[in-house]
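I opened my notebook to look a few things up in this model, starting with the ligand and then going residue by residue. Here are my entries, in the order I made them.

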Amino acid sequence: MASGVTVAVVGATGAAGQMTLKILEERKFPVRELRCFASERSVGKTVTFAGDGVRVQRVEAPAFKGVDVAICSAGSAQAREYAPMIARAGAIVVDKSNGWRMDPKVPLVVPEINPHAARAHQGIIASPNCTTIVTVMPLKPLHDAGRLRRVVATSYQAVSGAGVQGIEALREETLAWARGEAVTPKFFAHQIAFNLIPAIDKFGEDGYSGEELKLINETRKILEEPELKISPTTVRVPVFTCHSVAVNVELTEKITAARARDLFAAFPGLRVLDEPAGQQYPTPLTVEGQDDCVVGRVREDPSHPRALNFWVVGDQLRKGAATNAVQIAELVLRS
Ligand code: A2P
């Protein structure tokens, strides 16, 4: 493999796909040949990788012959159809969508947390939901040190988590508002500019949204704790990039705020910014563009002797999507 591998990026024109190309380049992933794929309407267009134009191709089995690793972010329905076909062509598929995450035969991997799970793959490895990744990163060191009993998490999620159309919606609505024009929501269920929408994904009969169920089920799978109690609320906010999560954890063993800060700081991929007196805590604008998730506002919960509150922010296009997927691909190459 000294001369590198052949990499496919499926969904290369989308928000996560574009970031994947950037991260492959930034991390000097050993790309010998790159093939890019998107929907029918983008076939023939050009995307840029390492200063070169790469022609977007149609997704069809022969185009994946000779591909070593395929990183897919083209949506769940597409992943259900494409991933087995790409794996049959001989590639290892790293899929960013919700299509395969809860399949018992498919590992769901955050490389800092459960790299061992990737070894059991049968051709497809799933990368978790962006909010799950940002939330589970600080949960892992707390769980190892004091065993989690219950997690209450409320997310503040950027519009780019909904793809390029989410970004456009916030931009257009904000410009219309600034011009004094009527704001007509065209993408989200309500106006997102200057608003909050407590609905991400479809609602089930129990009133929970798909995003909230992902946070429960995926966190349990990654931490290998199928009974862990998790109580989620997920909210779309008028922020372009970065998901923020306010988390309350109840532990089996007491962990002080000072110890929690040390545990977070020692965990790979996590950073602590927690000097409230100097107004130092993570915000979406300060964390955007970074691969680390940043934790702040770490406090002991006054309502419970073994509980903590904290605030974590992660760039969901990077660690929440592209970086995590590329890290999985690196893991696969190493093994
Ligand atoms: P396209 O740009 O041609 O629509 P986002 O989540 O940012 O909207 O991006 C979704 C990505 O998935 C885009 O690259 C999009 O391509 C791609 N995509 C959507 N539907 C398909 C499909 N049926 N086959 C392949 N790629 C698809």
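Before anything else, a working definition: I call a pair of N or O atoms within 3.5 Å a polar contact. I also kept in mind that this is a predicted model.

**Entry 1: the ligand**

I began by asking which residues come nearest to the ligand. There are 16 residues around the ligand, and T13, S39, R41, S42 and Y82 come nearest.

In the side chain of T13, an N or O atom is 2.5 Å from an oxygen atom of the ligand. The side chain of S39 also has an N or O atom by a ligand oxygen, at 2.6 Å. For a nitrogen atom of the ligand I noted Q78, with a polar side-chain atom 3.4 Å away. The protein covers 76% of the ligand's accessible area, which is 580 Å² for the ligand on its own.

Where does the ligand sit? I found the ligand in the largest pocket. I sorted the shell around the ligand by class and got seven nonpolar, eight polar and one charged residues.

**Entry 2: K319**

Next I went to K319, which I located in helix 9, residues 318–334. Is K319 buried or exposed? Its relative accessible area is 2%, so K319 counts as buried, the cut-off for buried being under 20%.

I wanted to know which side chains K319 meets in polar contacts. One is the side chain of E112, joined to the side chain of K319 by a polar contact of 2.8 Å. Another is the side chain of Q327, in a polar contact of 2.5 Å with that of K319.

**Entry 3: P62**

I placed P62 in the loop between strand 4 (52–57) and strand 5 (69–72). P62 has a relative accessible area of 64%, so I wrote it down as exposed, since exposed means over 50%. I also checked P62 against A77, 15 residues away along the chain, and their C-alpha atoms are separated by 20 Å.

**Entry 4: two positive phi values**

A reminder to myself: most residues other than glycine have a negative phi. With that in mind I noted C242, a residue other than glycine whose phi is positive, near 95°. C242 is in the loop between strand 9 (229–236) and strand 10 (243–251).

I found R297 in strand 12, residues 293–300. Is R297 buried, exposed or partly exposed? Its relative accessibility is 34%, so R297 counts as partly exposed, the class between under 20% and over 50%.

F29 lies in the loop between helix 1 (15–26) and strand 2 (31–37). With a relative accessible area of 6%, F29 is buried. How far apart are F29 and V5 in space? I read 8.9 Å from C-alpha to C-alpha, for two residues 24 apart in sequence.

V56 belongs to strand 4, and its relative accessible area of 0% makes V56 buried.

A176 is in helix 5, residues 164–178. I marked A176 as buried, at a relative accessible area of 9%. From A176 to A193 I noted 17 residues in sequence and 9.8 Å in space, C-alpha to C-alpha.

Notes:
Residues numbered from 1 in each chain as written. Predicted model: local features only at pLDDT ≥ 70, side-chain atom pairs only at ≥ 80, totals over all residues. Heavy atoms only, no water. Near = heavy atom within 4 Å. Polar contact = N/O pair within 3.5 Å; in protein donor to acceptor, adjacent residues only side chain to side chain. Areas by Shrake-Rupley, 256 points an atom, 1.4 Å probe, with all protein chains shown as cover. 1 Å grid on protein atoms, 1.4 Å probe; cavity = no way out; pocket = protein on both sides within 12 Å on 5 of 7 lines; lining within 4 Å. Sits in = over half its atoms within 2 Å of the grid points. Nonpolar A, V, L, I, M, F, W, Y, C, P; charged D, E, K, R; others polar. Helix = DSSP H or I, 4+ residues; strand = E, 2+ residues; numbered from the N terminus. Buried < 20%, exposed > 50% of the residue type's maximum accessible area, 1.4 Å probe, protein only.
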